[in-house]
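Here is a short report on one protein chain.

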Amino acid sequence: MFMLRRLLQTGTVVIPFVLAGCASSPPRAPVPNIPPTASSSGPIHIGPTEPGPSDEPSSTTLPGGQLRPEVDAFARDLASRENLPLERVRASLSDARYSATVARLILPSVPGHKIWRSWLTYRSRFVEPKRIRWGAEFWRENAAALNQAQQRYGVPAKIIAGIIGVETIYGRNMGSFRVMDALSTLAFDYPVPDKPDRAAMFRGQLGDFITLALQGRLDIDTRGSYAGAIGMPQFMPQSIMQYAVDSAGNPGGHIDLANDPADAIMSVGNYLAQHGWVRGVPVFAPVTLPADPSALVAGGLAPTLTWSQLQAGGAHVEPGAGAGAWTQQPLGIVNLDEEARATAQYRTGTPNFFAITQYNHSYFYAAAVSDLADAVAAAVGPRLAGAEL
């Protein structure tokens with residue numbers, strides 16, 4: 001969920017390039033490019049002021065105006081597979097423009113440049129006063145939709161608010177690249193030739209985007225991140241296709257993740273529910289771990305330990321906390337590293353922590369979502385936040 005970005009600090013899970021709810025590129029975890037002068041609650045866009053169509057060349061056509069052979073083959077395959085009018089698919093592709101900015105931003109970090117992972121630095125970028133304040137405002141303005149999503153999907157309102165806050169600062173940082181241009185650039189002119197799998201992945205995303213647009217579910221001129229992530233929750237087109245919800249309840253209806261908070265809220269709730277969220281279980285279990293729990297860290301994106309195994313390793317329930325339903329769930333020890341100091345903070349993650357990592361494959365990301373969620377819930381107060389599911 002979440003925009004592909006150049007990152008200042010990395011997460012803790014090292015896995016190949018993947019797509020989840022948002023566009024993500026582990027092990028680098030997202031740090032937003034927030035202008036230092038941004039202080040109002042109005043939209044804050046990333047990228048050039050007008051990163052859409054310009055004097056950039058077409059990304060899909062030859063000098064004579066006809067589609068490049070590989071693009072035309074893509075169009076014919078997409079039209080046949082999704083039962084779309086071929087000429088409309090071709091017209092959509094013909095209108096795409098190459099973006100040198102997108103190609104530059106997608107490039108990996110400079111080889112050999114060590115980035116020290118720092119949980120405290122990463123956390124400070126998301127659990128910050130203005131984001132907490134704006135999160136509380138978002139909650140108050142959208143309490144009905146958050147409550148509806150909580151009841152329908154079992155995902156606490158605070159977690160949904162936390163994800164939208166981390167992803168786009170509650171809609172203030174959604175990106176201003178024309179998604180059609182960004183995805184076509186990455187699909188047909190991916191700047192790293194020895195990564196054909198990534199170009200193929202973006203072709204799949206482009207196909208889903210065109211399908212959604214021609215079905216009337218998205219606008220063909222939709223704007224988003226430079227990797228094609230869309231709206232408040234930064235869903236990639238594939239995730240919109242599979243998990244986005246029209247809050248009005250219309251099957252196949254128009255989905256507006258950028259301007260309709262209810263659509264964004266319901267879609268995030270549905271995404272997490274479909275990725276293993278367990279109703280009534282916290283993100284972190286109230287567990288006191290042994291002095292050095294590093295041997296209990298298994299890594300990965302799924303919990304693998306039982307409560308009995310953790311107890312055998314020296315863990316026990318925190319004083320005053322109850323042994324709730326989480327004791328019947330698989331658990332995992334989460335290491336949040338301070339590499340420069342060779343230290344780490346350890347927490348006990350439930351399946352719900354790992355459900356958040358399916359949105360963005362980073363321990364740092366999931367922990368920041370949880371911490372921001374708690375801070376926003378505290379800011380709105382118990383009357384509005386109510387009892388946690």
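The report below starts with the chain as a whole.

## The model and its overall make-up

This is a predicted model: local features need pLDDT of at least 70, side-chain atom pairs count only at pLDDT 80 or more, and totals for chains, interfaces and linings use all residues. Residues are numbered from 1 along each chain as its sequence is written, and side-chain values use heavy atoms, with hydrogens and water left out.

The chain's secondary structure comes to 15 helices and eight strands. Helices (H or I, at least four residues) and strands (E, at least two) are DSSP runs, numbered from the N terminus. Of the 389 residues, 56% count as buried. Buried means under 20% relative accessible area, exposed over 50%, and partly exposed in between (1.4 Å probe, protein chains only). Take the contacts (heavy atoms within 4.5 Å) between residues at least 6 apart in sequence: 74% of them join residues at least 24 apart.

## Helix H5 and its neighbours

H5 has 13 residues. From first C-alpha to last, H5 reaches 18 Å, close to the 18 Å expected at 1.5 Å a residue. The expected span is 1.5 Å times one less than the number of residues. Which residues of H5 are buried? They are Arg131, Ile132, Trp134, Gly135, Ala136, Phe138 and Trp139. These buried residues pack against H6, H7, H11, H14 and helix H15 (382–385).

## H5 against H7

H5 (residues 129–141) and H7 (residues 157–168) pack at an angle of about 125°, with their axes 10 Å apart. That makes H5 oblique to H7. Axes are lines fitted to C-alpha atoms, for helices over the stretch in contact, and angles run from 0 to 180 degrees between N-to-C directions. Angles under 35 degrees count as roughly parallel, over 145 as roughly antiparallel, 65 to 115 as roughly perpendicular and the rest as oblique.

On the H5 side, Arg131, Phe138 and Trp139 make the contact. They meet Ala157, Lys158, Ile164, Gly165 and Val166 in H7. By class, this contact has five nonpolar, one polar and two charged residues. Here Ala, Val, Leu, Ile, Met, Phe, Trp, Tyr, Cys and Pro count as nonpolar, Asp, Glu, Lys and Arg as charged, and the others, Gly among them, as polar.

H6 (residues 143–153) and H11 (residues 261–274) pack at about 20°, with axes 9 Å apart. H6 and H11 are therefore roughly parallel to each other. Residues of H6 in the contact include Leu146 and Tyr153, and those of H11 include Ile265 and Met266. The contact holds eight nonpolar, three polar and one charged residues.

H7 also packs against H14 (residues 363–380), at an angle of about 115° and with axes 8 Å apart. Among the residues that meet are Ile159 and Ile163 in H7, and Val369 and Leu372 in H14. This contact divides into nine nonpolar, two polar and three charged residues.

## Two residues with positive phi

Most residues other than glycine have a negative phi. Asn83 is not a glycine, yet its phi is positive, at about 55°. Asn83 sits in the loop between H1 (69–82) and H2 (86–94). Gln234 has a positive phi of about 55° too. Its loop runs between strand E4 (223–224) and helix H10 (237–243).

Are these two residues buried or exposed? Asn83 counts as exposed, because its relative accessibility is 71%. Gln234 counts as buried, because its relative accessibility is 0%.
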